[in-house]
Amino acid sequence: MSLTQGQAAPQFTLTSSSLKPVSLADFKGRKVILHFFPLAFTGTCTTQLCTMRDNFGYYDGLNAVILGISVDSPFVLGKFKEANNLQFDLLSDFNKDISTAYGCIYDEFIFGMKGVSKRAAFVIDEDQNIIYAEVLEIATDLPDFNAIAAIVK
């Protein structure tokens, strides 16, 4: 089931790359930019998150927070965050509940892997409603970073 603009964002609490629980509810009153990505340490995923890293300052003054989500373990995400100098939390959806709730999970991915997050971007407003939703079917496609920046502004 795909989520669309105007719907309430599914709530979650996931373990971060710093091994702490992070909940969507923690950010009520701020915009939240969620970036789902298939797997850490892969080419397009690195490009996606490093693009957000390189534009982090843009979002800094806009009362917005960036979060990355994948099915990787929090330990892998910690190494990925460190290797790429990411300033934002990466969250482990190891059990695939949140990727499923947001409608962005592959039943089958490459090499026979099942239950991998699709590349997707969501912007959630201060009241925790979805104001932007983009789920990509092709893993090598990137989200529309300009559209995300425009909606957050």
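A: Happy to! Let's start with Leu67, which touches Phe12, Phe27, Val32, Ile33, Leu34, His35, Asp89 and Leu91, leaving out residues up to four places away in sequence; contact here means heavy atoms within 4.5 Å. This is a predicted model, in which local features need pLDDT of at least 70 and side-chain atom pairs count only at pLDDT 80 or more, while totals for chains, interfaces and linings use all residues. Numbering runs from 1 along each chain as its sequence is written, and side-chain values use heavy atoms, with hydrogens and water left out.

Leu67 belongs to strand β4; helices (H or I, at least four residues) and strands (E, at least two) are DSSP runs, numbered from the N terminus. At 1% relative accessibility, Leu67 is buried, where buried means under 20% relative accessible area, exposed over 50% and partly exposed in between, with a 1.4 Å probe and protein chains only. Between the C-alpha atoms of Leu67 and Ile98 there are 13 Å in space, and the two are 31 residues apart in sequence.

Several of those contacts of Leu67, including Val32, Ile33, Leu34 and His35, bring us to β3 (31-36). Six of the six residues of β3 are buried, so the strand is largely enclosed by the rest of the structure. Lys31, Ile33 and His35 point one way from β3, while Val32, Leu34 and Phe36 point the other way. In a regular strand, side chains alternate between the two faces of the sheet. β3 and β4 pair in the parallel sense over six bridges, pairing being called when DSSP finds at least two bridges between two strands. In that pairing, Lys31 stands opposite Ala64 of β4. With β8, β3 pairs in the antiparallel sense over five bridges, and Phe122 of β8 is the bridge partner of Leu34.

Now for the nonpolar packing. A nonpolar core is a set of buried Ala, Val, Leu, Ile, Met, Phe, Trp, Tyr and Cys residues joined through side-chain atoms within 4.5 Å. The largest one has 22 residues, and Ile33, Phe37, Tyr59, Leu90 and Ile148 have the most contacts inside it. At least two of its residues come from each of α1 (43-54), β4 (64-70), α3 (74-83), β8 (120-124), β9 (130-135) and α5 (145-152). The helix α5 gives the most, with four residues.

Helix α3 has a buried side of its own, made up of Pro74, Leu77, Gly78 and Phe80. They cover an arc of only 165 degrees around the axis, which puts them on the same side of α3; the arc is that of the directions from the helix axis to the C-beta atoms. The cover over these residues includes β1, α1, β4 and β5 (89-92). On the face turned away from the buried side, α3 carries the exposed residues Phe75, Lys79, Glu82 and Ala83. In strand β1 you will find Ser16, which is buried at a relative accessible area of 1%. Ser16 touches Val22, Pro74, Asp89, Leu90 and Leu91, not counting residues up to four places away in sequence.

Finally, the rings. The structure holds six aromatic pairs; rings of Phe, Tyr and Trp (its six-membered ring) pair if their centres lie within 6.5 Å, with planes under 30 degrees apart counted as stacked, over 60 as edge-to-face and the rest as tilted. Phe12, one of the contacts of Leu67, forms an edge-to-face pair with Tyr102, at 6.5 Å centre to centre and 65 degrees between the planes. This pair links distant parts of the chain, 90 residues apart: Phe12 in the segment before β1 (13-16), and Tyr102 in the loop between α4 (97-101) and β6 (105-106). Phe12 is buried at 5% relative accessible area, and Tyr102 is buried at 0%. Ring pairs link Phe12, Phe36, Tyr102 and Phe122 into a cluster. That takes us back to β3 through Phe36 and to β8 through Phe122.
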